[in-house]
Amino acid sequence: MASQSESSTTSQSVDPDLSSVDPEVLVEQVRPLVHLDTLENLLNHARANSLWPLTFGLACCAIEMMAVGASRFDLDRIGAGVFRPSARQADVMILAGTISRKMGPVIKTLWDQMPSPKWAIAMGGCTIDGGPFKYPGQYAIIEGADRIIPVDVYVPGCPPRPEALFAGILKLKEKIKAGETGYRRNPA
Ligand code: SF4
């Protein structure tokens with residue numbers, strides 16, 4: 001008998017007729033339970049959590065980049081550990097090392113081969129502005145990766161520690177989720 005009385009009390013407390021409920025009150029009650037978003041934001045969330053870097057290094061900074069992909073730092077924890085051997089399968093270019101003038105056109109070709117949307121990280125002083133090889137009259141290097149391709153995140157250092165590159169990739173993820181990356185989908 002006790003259980004029947006409990007169930008009748010419960011059924012009395014639920015009002016199946018929602019027409020008697022103020023719609024604004026109902027919306028406020030449901031809002032924390034339902035998250036509506038745009039398709040672009042959902043796609044950006046997926047993109048940020050499945051970054052595939054290009055297997056590609058230019059000089060000494062690339063050793064630190066290799067370390068960040070290994071077990072001690074483990075990029076797989078944030079979905080960015082699948083380094084791809086083909087530009088056509090990658091969506092992040094980590095520019096790690098000195099950019100010689102001979103390598104400039106090669107980098108541009110690899111970047112153009114990467115499918116959109118795509119992002120770039122400039123790792124180390126050399127790729128940011130020439131680093132220790134920048135001096136008046138030098139003719140061998142390109143003084144900054146952003147003279148060739150659009151760069152989304154800069155990671156300073158000579159070389160940056162693996163933790164710094166890890167932080168740079170986390171920063172890139174934040175920017176992708178917020179839709180704040182430098183890559184223009186519809187270039188003029
Ligand atoms: S920034 Fe330093 S460590 Fe990195 S490629 Fe240049 S010289 Fe080498």
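Me: Helices (at least four residues) and strands (at least two) are DSSP runs, numbered from the N terminus. With that in hand, where is the place of Arg-147?
Reply: Arg-147 sits in the loop between H6 and strand S3 (153–155). Keep in mind that this is a predicted model.

Me: Why does Arg-147 count as exposed?
Reply: Let's set the value against the cut-off. Arg-147 has 12 C-beta neighbours inside 10 Å, so it counts as exposed. As for its position in space, Arg-147 is 9.9 Å from Thr-127, C-alpha to C-alpha, although the two are 20 residues apart in sequence.

Me: Which residues of helix H4 (residues 61–69) are buried?
Reply: In H4, Cys-61, Glu-64, Met-65, Val-68 and Gly-69 are buried. The cut-off here is 20 or more other C-beta atoms within 10 Å.

Me: What makes H4 roughly perpendicular to H7?
Reply: The axes of H4 and H7 come within 8 Å and cross at roughly 70°. Angles of 65 to 115 degrees count as roughly perpendicular, so H4 is roughly perpendicular to H7. On the H4 side the contact is made by Glu-64, Met-65, Ala-67 and Val-68, and on the H7 side by Pro-162, Leu-165 and Phe-166. By class, that contact has 6 nonpolar residues, no polar ones and 1 charged.

Me: Why are H3 and H7 called roughly antiparallel?
Reply: Helix H3 (residues 39–48) and helix H7 (residues 162–177) have axes that come within 8 Å and cross at roughly 165°. Angles over 145 degrees count as roughly antiparallel, so that is the name for H3 and H7. The crossing of H3 with H7 is right-handed. Here Asn-44, His-45, Arg-47 and Ala-48 of H3 meet Lys-173, Ile-176 and Lys-177 of H7. This contact has 2 nonpolar, 2 polar and 3 charged residues.

Me: How many helices and strands does the protein have?
Reply: There are 7 helices and 3 strands, in the order α-α-α-α-β-α-β-α-β-α from the N terminus on. Of the 188 residues in the protein, 30% are buried.

Definitions and conventions:
Residues are numbered from 1 along each chain as its sequence is written. This is a predicted model: local features need pLDDT of at least 70, side-chain atom pairs count only at pLDDT 80 or more; totals for chains, interfaces and linings use all residues. Axes are lines fitted to C-alpha atoms, for helices over the stretch in contact, and angles run from 0 to 180 degrees between N-to-C directions. Angles under 35 degrees count as roughly parallel, over 145 as roughly antiparallel, 65 to 115 as roughly perpendicular and the rest as oblique. A crossing is left-handed if the near helix is turned anticlockwise from the far one by less than a right angle, and right-handed if clockwise. Two residues are in contact if their C-beta atoms, placed from the backbone, lie within 7 Å. Ala, Val, Leu, Ile, Met, Phe, Trp, Tyr, Cys and Pro count as nonpolar, Asp, Glu, Lys and Arg as charged, and the others, Gly among them, as polar.
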